[in-house]
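Thanks for coming. I will go through one protein model today, from its surface to a few single residues. Please have a look at the slide.

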Amino acid sequence: LATGIFCTDANVQYAMYPNVNEACASGEQFGVQVIGVLAIALWSCCTSGAAFAIIKATYGLRVSEDVEEEGLDRSEHGGAAYNSGDAIPSNRVVPADPSNVIKVGAPVPDKAQEWLGASP
């Protein structure tokens, strides 16, 4: 909307717009901008409404009540988001799976080199 509010006919001519008119002075440009904003808002609402309707009909927008009660952090990530007493204390180190640990100074595994684009 700011384009329609702050435009001047002199700047329109300076931008080499081919038609000479008084769209800015008469408020016509502001009306054009309002129609553009309304069209974009309508398009956005319709498109997202259709997308949400498809998701609701196929997969669903909500999780089950059991998962909601347990918490998405536990069901999705296997742990609590906040330390509420039942989470791992901050002074305790959780041992990693030894098969996934790479020691400092060890050569990079072949698969990682492949991902990085380097030759083994």
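The protein exposes about 10500 Å² of surface, and carbon and sulfur atoms supply 62% of that. Accessible areas here come from the Shrake-Rupley method with a 1.4 Å probe, and for residues only the protein chains shown count as cover.

A word on the source. This is a predicted model, in which local features need a pLDDT of at least 70 and side-chain atom pairs count only at pLDDT 80 or more, while totals for chains, interfaces and linings use all residues. Residues are numbered from 1 along each chain as its sequence is written, and side-chain values use heavy atoms, with hydrogens and water left out.

pLDDT is the predictor's confidence in each residue, from 0 to 100. Its mean over the protein is 76, and 63% of the residues reach 70 or more.

How much of the protein is buried? Of its 120 residues, 8% count as buried. Buried means under 20% relative accessible area, exposed means over 50%, and partly exposed is in between (1.4 Å probe, protein chains only).

Next, the elements. The protein has seven helices and zero strands. Helices (H or I, at least four residues) and strands (E, at least two) are DSSP runs, numbered from the N terminus.

The expected span of a helix is 1.5 Å times one less than its number of residues. For the 31 residues of helix 4 that gives 45 Å, and the end C-alpha atoms are 45 Å apart, so the two agree.

T58 belongs to helix 4, which covers residues 28-58. T58 counts as exposed because its relative accessibility is 63%. Its side chain reaches the backbone oxygen of I54 at 2.8 Å. That is a polar contact (a pair of N or O atoms within 3.5 Å; within protein, one must be able to donate a hydrogen and the other to accept it, and residues adjacent in sequence count only if both atoms are side-chain atoms). Just after helix 4, G60 takes a positive phi of about 105°.

Last, the cysteines. C45 is exposed, at 55% relative accessibility, whereas C46 is partly exposed, at 48%.
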